[in-house]
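User: I am new to this model and want to learn how to read it. Please take me through it feature by feature.

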Amino acid sequence: MPCNPRRYLPVFTLFAYSLGLAFAGHTQAEPPQQPNILWIITDDQRADSIAAFNQIRTGKSESALGYVSSPNVDRLVAEGVTFINAYNQSPACAPSRSVMHSGRYPHRRGVYGFELHHANNKDIYRPSIPQNLAAAGYQTARSGKLGERTIQWNGSGVNWKNTYYQQDLGSVRDPGLVGHTDWINEPVWQREPRGHNLHLFFDDGEHVVFFNPSKGEMSPEDLAIAKAAFERLDMMPHYKPGEETPYGNMVLAGVSSRSAGFTRDGYHVRQLKQYLSSPNQTYETKWGATLTGADPSKPQFLHLGFDFPHTPVVPPASFREQFMERDYNIPGPAPGEIESFPPTMKRVFQTKQSDHFTDAEKLQMIRDYYAFCAYGDALVGEAVDAFKAYSEANNQPWMILYVCGDHGWRLNEHGMVSKFLFYALDLNNPIVVVSSDKEAWPAGKVVDGLVEFVDMAPTFYAAAGIDTTGPEFDHLDGLDLAKVMSGEASRDYVLAEGWWVSGPRASIRTKEYAFSMKVNPTRTAGDDMDWPLDKTLEEVEPMFFDLRIDPGETQNLAFDLRYAGVVTAMRNKLEDAVIRDGRIEVDWRNGLMGKVFRLEGVAPKFGGHDRKLELPYVEPTPIRVGQAD
């Protein structure tokens, strides 16, 4: 593993002195310092919640739905490079974060959903970003949500804590369990039916808790407590048609029980700031952990994982009030859209549908979502300012990589809420890179080339001066974003695959078209891994959209004969990339190493995953309503 270049004199300088060649005014320059790095990831955040992204795309700061507020991320966009066409590789929290940390596609790492994967099997596991940066001399720390779900398991016991950051400044749960945030879900495994204790904490110290079983009904006592709490905080849970009000976890609107700054996300920022303001000092957190502040003699790699705007969508009152009188365009499904869904999509619709909500409910859902994003934006600004101040006080270069969501969110588009699907709303999450080195990362630059979440790992390694040309990095699937920015590297398409909620589906997307298909009828690892290769188009339940004429992705043209050549080419490339080109699946529960399944004897037919895709031209023709049915 490469060493820290700041610890050694350049080899050429030593050689020159040994030959007596060095003289005044002609000394070898020091190698560049490794920058401090702050990696910010938000949760379930759609791209149109950022005014600067809307400005880039449409020339207007408002989203298609209406008003948004994001002055701090707007400032990052003005100061750095925006990759507006960045896409996640799995539209769910855990697999998306696994992709980011590993730099590998789901089909190459065997992580497709929320499985607890472990680092024991060295045949498939490779060190992640913080491990490699630590080996290169960085001090690594994380605050807030990680959600990557890598565990250490010795066959009899599990280490549930962070396994690869050198310091855990405080996870999602730590401050909550001692009452220092607005809410926390505590899993309860000792009672039947199993479920969660939902704790709510208020500014005056009041503590409300009720038990919500995962199956079955609440007790009358818990139901009364939950009903009173939900009414008090104006919480609106997701519900199905004809269903009585459920007091579950998927709260789509409401107000936080705590003031701004004292929510879960507020504490994530407090934890980061305390670490930066306590150089080489030992301090104790409010939940009893003993930590040591940043070491200014080392470059810092800091991961800040926010919870907002993930459900429960409960912005603090001071931010909610700013949006209460705002009017919004309420989206919904296009005529005939839901009826045209393939079978698996119809099953997803039954669990995530929201078009039966009243207009007042939909409006409040939108208002509170964007209010929550606005609150999060203020916290992003607070963290960025603290990080820059630390770096500049120590005369150190710095880099910030901001990711607008691990995936997106729907606000009744396609008649549904949530994520898990393969629309642009679920997959498109712009990335902004800001640096003290404006020559390397120019201010205000926008890159419209396609980029993927697998690109973050090689970008961090390049910034840290790590040589990734050796075999220990041959597992990386991404591109250095700096090379995409310069035009040195590019791709014609982006990939995604997920097994959660939608069932196993994969997608391929260009700037003009989007295609997705079913890749297996089950979620069983190793079961019929080449299933789609001999199936008809109808059997793989395709969805195909011409983004030139249907950017909202409402008219499925998969069976429109005009596009037969495009659909065939995209399907061939998708199957080549995610099925034929080295696919693995893992049963992570099978023994200490897990059981690895590799698709053998199937070779790529159409170039494999070469990032190149030539498609026949089809004249864009406006779609008549119902034409795609």
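**Reading the model**

Analyst: Begin with burial: Y370 is buried, with a relative accessible area of 1%. Buried means under 20% relative accessible area, exposed means over 50%, and partly exposed lies in between (1.4 Å probe, protein chains only). The model is predicted, so local features need pLDDT of at least 70 and side-chain atom pairs count only at pLDDT 80 or more, while totals for chains, interfaces and linings use all residues. Residues are numbered from 1 along each chain as its sequence is written, and side-chain values use heavy atoms, with hydrogens and water left out.

User: How many aromatic pairs does the structure hold?

Analyst: First the rule. Rings of Phe, Tyr and Trp (its six-membered ring) pair if their centres lie within 6.5 Å; planes under 30 degrees apart are stacked, over 60 edge-to-face, and the rest tilted. The structure holds 24 such pairs. One of them is F210 with F230, edge-to-face at 6.4 Å centre to centre and 65° between the planes. This pair links distant parts of the chain: F210 is in strand β11 (residues 207–213), F230 is in helix α7 (residues 220–232), and they are 20 residues apart. Helices (H or I, at least four residues) and strands (E, at least two) are DSSP runs, numbered from the N terminus. F210 is buried at 1%. F230 is buried too, at 3%. Y369 and Y370 also form an edge-to-face pair, at 5.7 Å centre to centre and 75° between the planes. Y369 is buried at 0% relative accessibility.

User: Which residues form one aromatic cluster?

Analyst: W39, Y164, Y165, F301 and F460 do.

User: Which ring has the charged end of R326 over it?

Analyst: A charge sits over a ring if NZ of Lys or CZ of Arg is within 6 Å of the ring centre and within 35 degrees of the ring normal. R326 has its charged end over the ring of Y67, 3.6 Å from the centre. R270 lies over the face of Y267, at 5.1 Å from the ring centre.

User: Is D44 buried or exposed?

Analyst: D44 is buried, with a relative accessible area of 0%. D44 lies in the loop between β1 (36–41) and α2 (51–58). Contact means heavy atoms within 4.5 Å. G408 shows how sequence and space can part ways: D44 and G408 are 364 residues apart in sequence and 4.9 Å apart in space, C-alpha to C-alpha.

User: What joins the side chains of D44 and H407?

Analyst: A polar contact of 3.1 Å. The term means a pair of N or O atoms within 3.5 Å; within protein, one must be able to donate a hydrogen and the other to accept it, and residues adjacent in sequence count only if both atoms are side-chain atoms. The side chains of S63 and Y370 are joined by a polar contact of 3.5 Å. The S63 side chain also reaches the backbone nitrogen of L65 at 3.0 Å. S63 is buried, at 8%.

User: At what angle do α2 and helix α3 pack?

Analyst: Axes are lines fitted to C-alpha atoms, for helices over the stretch in contact, and angles run from 0 to 180 degrees between N-to-C directions. Under 35 degrees is roughly parallel, over 145 roughly antiparallel, 65 to 115 roughly perpendicular, and the rest oblique. α2 and α3 (residues 71–79) pack at about 55°, with axes 7 Å apart. They are therefore oblique to each other. A51, A52, F53 and I56 in α2 meet V73, D74 and V77 in α3.

User: What about the backbone?

Analyst: Most residues other than glycine have a negative phi, and most peptide bonds are trans. The bond joining F308 and P309 is cis, with omega about -10°. The bond from T311 to P312 is cis as well, with omega near 0°. N395 is not a glycine, yet has a positive phi of about 55°. N395 is exposed, at 65%.
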